[in-house]
Amino acid sequence: MNLTRREVLERGVMGLGAWLARATESRPAVTGRRVLTVTGSVDSSELGITLMHEHVLVDFIGAGEVSKSRYDSDEAYEVILPHLREVQLQGCQTLVECTPAYIGRDPALLKRLSRVSGLRIITNTGYYGAAEDKYVPDHAHTETAEELSDRWVREFEKGIEGTGVRPGLMKIGVDKGPLSEIDAKLVRAAALTHLRTGLTIASHTGDGVAAMAQLKLLQEMGVGPSAFIWVHAQTESDSEFHYRAAKAGAWVEFDGVHNDSLDRHLALVQSMIQKGYLRRTLISQDAGWYHVGEQRGGAYRGYDVLFTHFLPALRRRSVSEKQIRTLTQVNPQRALGIQIRKSSKKSK
């Protein structure tokens with residue numbers, strides 16, 4: 001059923017608010033949650049100040065042609081490392097690297113960078129269905145959601161591409177709503193993977209209609225809303241969608257912070273605080289990256305704006321240190337922490 005934006009808001013996406021009131025979350029209520037980084041598992045309380053959505057290397061050539069042979073890993077390492085060291089000096093302790101498979105994900109490079117920089121890095125599993133499916137591998141169109149989930153669970157249990165590096169979350173992507181057939185399949189595969197591993201689902205989302213559609217589909221599959229991060233929520237101009245997603249219990253992520261967007265992002269965070277949704281809000285920059293195909297990776301946007309401009313501006317607007325800590329440390333710990341367990345279904 002295709003609903004207009006107004007109908008989505010008026011109808012509450014099949015009663016998401018009521019759903020939150022009665023739903024039993026898919027995550028077991030336990031303490032001592034863990035997070036899988038590229039160098040191993042840590043307690044979620046050890047993450048510290050966390051950037052929830054960044055990139056270090058990206059290749060936009062497309063799923064059919066992407067390959068590690070297209071770049072020099074040593075050169076990429078030399079270009080990227082100073083930027084990681086700089087943001088660590090700014091106080092960052094953990095960086096979530098959100099480049100998916102078939103767009104340049106390189107767990108071996110991430111592991112090397114993390115060990116030398118001392119910065120914790122988290123990578124992902126999942127497929128990116130936005131950008132009109134340019135980065136979706138051919139097999140995803142023919143395999144079932146269950147078969148895709150088996151692939152992602154294998155990465156969770158055995159590591160990615162023989163590196164031993166395990167994903168700390170899922171990264172998928174969908175275009176604007178309503179969901180296409182392949183986008184809906186990726187969401188179903190992510191739901192199945194979450195139920196088997198506990199991994200959080202971070203979804204690049206085209207608009208508020210697509211966000212609500214994903215929450216509805218996850219609900220139908222028994223996945224609680226706190227397992228879902230609405231990535232790039234700042235691109236939705238109607239804040240009522242932000243409030244509805246947060247009220248349902250999802251994570252609303254404003255992750256495009258840069259010098260030209262400061263006023264917009266400050267207003268978004270302040271509006272979530274005023275509405276009582278600070279504890280459902282995530283923030284990051286979507287910065288970087290070494291761009292495969294350009295000389296020495298092209299222009300690299302560093303990760304410091306949040307520390308040098310955004311957080312000081314929040315303080316000037318009377319956002320308290322406790323609220324900033326919630327935004328930069330507590331919320332990421334809650335969003336990423338899982339109970340590490342074996343899959344409830346044997347991977348093929």
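Student: Is arginine 154 buried, exposed or partly exposed?

Tutor: Arginine 154 counts as partly exposed, because its relative accessibility is 26%. Buried would need under 20%, and exposed over 50%. Keep in mind that this is a predicted model.

Student: Where is arginine 154 found?

Tutor: Arginine 154 is in helix α5, which covers residues 145–158.

Student: Threonine 125 brings up the strands. How do strands of a sheet pair?

Tutor: Strands of a sheet pair through backbone hydrogen bonds, in either a parallel or an antiparallel way. Here, six strands form an open sheet in the order β7-β8-β9-β10-β11-β12, with parallel pairing. Its edge strands are β7 (124–125) and β12 (281–283), each of which pairs on one side only.

Student: How many bridges join β11 to β12?

Tutor: Three bridges join them, and β11 (residues 251–254) runs parallel to β12. Valine 252 has threonine 281 in β12 as its bridge partner.

Student: Which helix lies across β8 and β9?

Tutor: Helix α6, residues 181–197, lies across β8 (169–174) and β9 (201–205). Helix α6 runs at about 165 degrees to β8.

Student: How are two packed helices described?

Tutor: Two numbers are used: the angle between the helix axes and the distance between those axes. For α6 and helix α7 (residues 208–220), the axes come within 10 Å and cross at roughly 45 degrees. The two helices are therefore oblique to each other. In the crossing, α6 passes α7 in a right-handed way.

Student: Which residues of α6 and α7 meet?

Tutor: On the α6 side they are Ala184, Val187, Arg188 and Ala191. On the α7 side they are Gln214, Leu217 and Leu218.

Student: What are the angle and the distance between the axes of α2 and α3?

Tutor: Helix α2 (residues 73–89) packs against α3 at an angle of about 45 degrees, and their axes are 10 Å apart. This pair is therefore oblique, and α2 passes α3 in a right-handed crossing. Residues of α2 that meet α3 include Tyr77, Ile80, Leu81 and Leu84. Among the α3 residues that meet α2 are Leu109, Leu113 and Val116.

Student: Let us turn to β5. In which sense do β3 and β5 pair?

Tutor: Strand β3 (residues 50–54) and β5 pair in the parallel sense, over three bridges. Threonine 50 stands opposite threonine 94 in β5, and leucine 51 has leucine 95 as its bridge partner there.

Student: Why is β3 described as largely enclosed by the rest of the structure?

Tutor: Five of the five residues of β3 are buried, so the strand is largely enclosed by the rest of the structure.

Student: Which way do the residues of β5 point?

Tutor: In strand β5 (residues 94–97), Thr94 and Val96 point one way, while Leu95 and Glu97 point the other way. All of these residues are buried.

Student: How many bridges are there between β5 and β6?

Tutor: There are three, and β5 pairs with β6 (residues 120–122) in the parallel sense. Threonine 94 stands opposite arginine 120 in β6. From β5 the chain crosses through helix α3 (residues 107–117) to β6, giving a right-handed β-α-β crossover.

Technical notes
Residues are numbered from 1 along each chain as its sequence is written. This is a predicted model: local features need pLDDT of at least 70, side-chain atom pairs count only at pLDDT 80 or more; totals for chains, interfaces and linings use all residues. Side-chain values use heavy atoms; hydrogens and water are left out. Buried means under 20% relative accessible area, exposed over 50%, partly exposed in between (1.4 Å probe, protein chains only). Helices (H or I, at least four residues) and strands (E, at least two) are DSSP runs, numbered from the N terminus. Two strands pair if DSSP finds at least two bridges between them. A crossover is right-handed if, with the strands pointing away from the viewer, the path from the first strand over the helix to the second runs clockwise. Axes are lines fitted to C-alpha atoms, for helices over the stretch in contact, and angles run from 0 to 180 degrees between N-to-C directions. Angles under 35 degrees count as roughly parallel, over 145 as roughly antiparallel, 65 to 115 as roughly perpendicular and the rest as oblique. A crossing is left-handed if the near helix is turned anticlockwise from the far one by less than a right angle, and right-handed if clockwise. Contact means heavy atoms within 4.5 Å.
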